[in-house]
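Biologist: I am new to this structure and would like to learn how to read its side-chain contacts. Could you take me through them one feature at a time?

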Amino acid sequence: MLSATATHLLRSPPPNPPSRSLPHLRPPSLLRSPSAAGPNGVGAVGSYKTPKPQRDLLREWVWENDGFVRVLPIYVGGFSLLVVLLNRSFSNIPPVADASSSQSRADILSLALAVTNILAGLVWLSIRPKNISPVVLHGVECRRLNPLISERAVLEMLWAWDSLSAVTCCRSLVVVYDSNCVLQIGVAAESPLEDGDAMDVDVKKLLQGSLCKSAMETQKQSYLANLSLYPGKSELPFLPTNTQVYP
């Protein structure tokens with residue numbers, strides 16, 4: 001699996017501060033267990049019906065037969081080329097193409113399409129998705145919570161982190177809320193002091209960077225191929241240097 005990093009930027013005012021220290025709690029489950037549901041996925045209380053996932057049979061077939069699909073244009077192009085040559089051989093047509101003959105013009109178009117299919121198949125065979133192997137992030141474990149956020153917000157963020165780290169390849173999470181870093185958890189880059197502590201998130205520098213501004217203006221995520229290059233090196237120094245970031 002890939003290791004990835006999620007950074008969420010929210011611009012709403014923070015919740016009211018708590019009147020006591022924050023406990024280390026895990027939020028309760030937000031989903032009804034299967035045993036509590038009635039027939040057809042309807043719960044004992046209410047009329048909520050669980051959605052059924054839709055299957056894309058064509059996509060599944062292509063995924064399972066990737067090698068055959070990639071070589072298929074070569075077979076189609078080669079067969080088409082053979083059919084055109086046989087048709088011209090057994091149709092008593094002169095082997096030299098005549099521009100004034102409609103049959104010759106049709107054969108030339110057919111040959112061009114056949115060669116195009118063969119070339120497309122060769123390209124599909126030469127270009128394959130690269131298999132990314134998981135890496136061990138170079139950094140230190142970090143768990144920082146802003147003491148000014150409410151207990152409910154803490155539970156929600158911890159639940160989100162537990163879910164992301166359990167079912168995805170996310171290994172580091174930073175939440176910036178109203179120009180404040182309210183959560184930094186997971187693997188982080190080590191502090192320059194080399195005291196075993198994680199590097200602090202410079203929120204001001206992060207919000208003024210091109211990555212944050214572009215994401216807030218376009219409302220779209222950004223793709224970073226390598227954090228050691230600009231702008232990831234200067235704007236995201238709190239993440240491990242060998243982090244693999246994908247959309």
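Predicted model: local features only at pLDDT ≥ 70, side-chain atom pairs only at ≥ 80, totals over all residues.

Biologist: How many salt bridges does a search of the whole structure find?

Modeller: A salt bridge is a side-chain nitrogen of Lys or Arg within 4 Å of a carboxyl oxygen of Asp or Glu. The search finds five. One of them joins Arg-88 and Asp-107, at 2.7 Å from N to O. Arg-88 sits in helix H2 (residues 66–90) and Asp-107 in helix H3 (residues 102–126), so the pair links distant parts of the chain, 19 residues apart. Helices here are DSSP runs of H or I with at least four residues, strands are runs of E with at least two, and both are numbered from the N terminus.

Biologist: Are Arg-88 and Asp-107 buried or exposed?

Modeller: Buried means under 20% relative accessible area, exposed over 50%, and partly exposed in between, using a 1.4 Å probe and protein chains only. Both Arg-88 and Asp-107 are buried. Compare the salt bridge of Asp-56 with Arg-59, at 3.8 Å from N to O: Asp-56 is partly exposed at 38%, and Arg-59 is exposed at 62%.

Biologist: Which residues are linked in a network of salt bridges?

Modeller: The network holds Arg-144, Asp-197 and Asp-200. Between Asp-200 and Arg-144, the closest N and O atoms are 2.5 Å apart. Asp-200 lies in the loop between strand E4 (180–188) and helix H5 (203–208), and Arg-144 in strand E2 (residues 140–145), 56 residues apart. Asp-200 is exposed at 56%, whereas Arg-144 is partly exposed at 24%.

Biologist: Where is Ser-172 placed, and what lies 3.0 Å from a polar atom of its side chain?

Modeller: Ser-172 belongs to strand E3 (residues 170–177) and is buried, with a relative accessible area of 3%. The backbone oxygen of Val-187 lies 3.0 Å from that side-chain atom.

Biologist: Which residues form the aromatic pair?

Modeller: Rings of Phe, Tyr and Trp (its six-membered ring) pair if their centres lie within 6.5 Å; planes under 30 degrees apart count as stacked, over 60 as edge-to-face and the rest as tilted. The structure holds one such pair. Trp-61 and Phe-68 form it, 6.3 Å centre to centre with 85° between the planes, which is edge-to-face. Trp-61 is partly exposed at 42%, and Phe-68 is partly exposed at 42%.

Conventions
Residues numbered from 1 in each chain as written. Heavy atoms only, no water. Polar contact = N/O pair within 3.5 Å; in protein donor to acceptor, adjacent residues only side chain to side chain.
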